[in-house]
Amino acid sequence: MDIPRSAPDAEMAVLGSMLIEEQAARTAKLYLTELDFYVEKHRKIFSAIVEILEESSRPAIDLVIVGERLRAAGQLDSVDGTAYLSELLHKVAYAGHAEYYAQIVRKASLERQVERQLEFTARDRTPENVH
């Protein structure tokens, strides 16, 4: 079984950038949806940040606020707590690179989508499915 294409370091870097800088969060939101993330806990963190962005024209996004949002939703433990959110901050070389991190995540997501479609097509063409 092949391992699906993923970019966990880029996922972590884009989320860390979003936690550091509001503009990075807005930029990443333009490129990505939660489904672009391969790692489930990254999907949850991204969704929490996007919810905060969409609630206010001047959102406050940081480790504490996102942690509280996840806690209120009963999801903080499933993303490995605030310690993991803190770890995300250390994956960021420069928050201004959020667009590039997001592009890497999106590319991996598109590659997974193509792979799934190819597998589906190949399954449809097996001898037992051809009439």
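## Aromatic pair

One aromatic pair is present in this predicted model. Rings of Phe, Tyr and Trp (its six-membered ring) are paired if their centres lie within 6.5 Å, with planes under 30 degrees apart counted as stacked, over 60 as edge-to-face and the rest as tilted. The ring centres of Phe37 and Phe46 are 5.0 Å apart and the planes meet at 40°, so the pair is tilted. Phe37 is buried at a relative accessible area of 0%, and Phe46 is buried at 3%. Here buried means under 20% relative accessible area, exposed over 50%, and partly exposed in between (1.4 Å probe, protein chains only).

Phe37 lies in the loop between helix H2 (22–31) and helix H3 (40–55). Helices (H or I, at least four residues) and strands (E, at least two) are DSSP runs, numbered from the N terminus. Beyond its neighbours within four places in sequence, Phe37 contacts Glu11, Val14, Leu15, Leu32, His42, Arg43, Phe46, Val105 and Arg112. Contact means heavy atoms within 4.5 Å.

## Basis of the model

The numbering of residues starts from 1 along each chain as its sequence is written. The model is predicted, local features need pLDDT of at least 70, side-chain atom pairs count only at pLDDT 80 or more, and totals for chains, interfaces and linings use all residues, while side-chain values use heavy atoms, with hydrogens and water left out.

## Overall fold

The protein has six helices and zero strands, in the order α-α-α-α-α-α from the N terminus. Along the principal axes, its C-alpha atoms fill a box of roughly 60 × 30 × 25 Å. Of its 131 residues, 37% count as buried. Of the contacts between residues at least 6 apart in sequence, 69% join residues at least 24 apart.

## Charge over a ring

The charged end of Lys41 is placed over the ring of Tyr84, at 3.8 Å from the ring centre. A charge sits over a ring if NZ of Lys or CZ of Arg is within 6 Å of the ring centre and within 35 degrees of the ring normal.

## Packing of H4 and H5

Helix H4 (residues 63–72) packs with helix H5 (residues 81–89) at an angle of about 140°, and their axes are 10 Å apart. The axes are lines fitted to C-alpha atoms, for helices over the stretch in contact, and angles run from 0 to 180 degrees between N-to-C directions. H4 contributes Leu63, Val66, Gly67 and Leu70 to the contact, and H5 contributes Thr82, Leu85, Ser86 and Leu89. By class, this contact has five nonpolar, three polar and no charged residues. Ala, Val, Leu, Ile, Met, Phe, Trp, Tyr, Cys and Pro count as nonpolar, Asp, Glu, Lys and Arg as charged, and the others, Gly among them, as polar.

Leu89 of helix H5 is partly exposed, with a relative accessible area of 28%. Outside four places in sequence, Leu89 touches Gly16, Leu19, Ile20 and Leu63. Leu89 and Leu76 are 13 residues apart in sequence, and their C-alpha atoms are 16 Å apart in space. In the loop between H4 and H5 lies Asp80. Asp80 has a positive phi of about 70°, although it is not a glycine, and counts as partly exposed at 47% relative accessibility.

## Helix H1 and the segment before it

Ser17 belongs to helix H1 (residues 8–20) and is buried, with a relative accessible area of 0%. Residues up to four places away in sequence aside, Ser17 touches Ala24, Val92, Tyr94, Ala95, Ala98 and Tyr101.

Ala7 is in the segment before H1 and counts as buried at 10% relative accessibility. With residues up to four places away in sequence not counted, Ala7 touches Ile104 and Ala108. Ala7 and Ile104 are 97 residues apart in sequence, while their C-alpha atoms are 7.1 Å apart in space.
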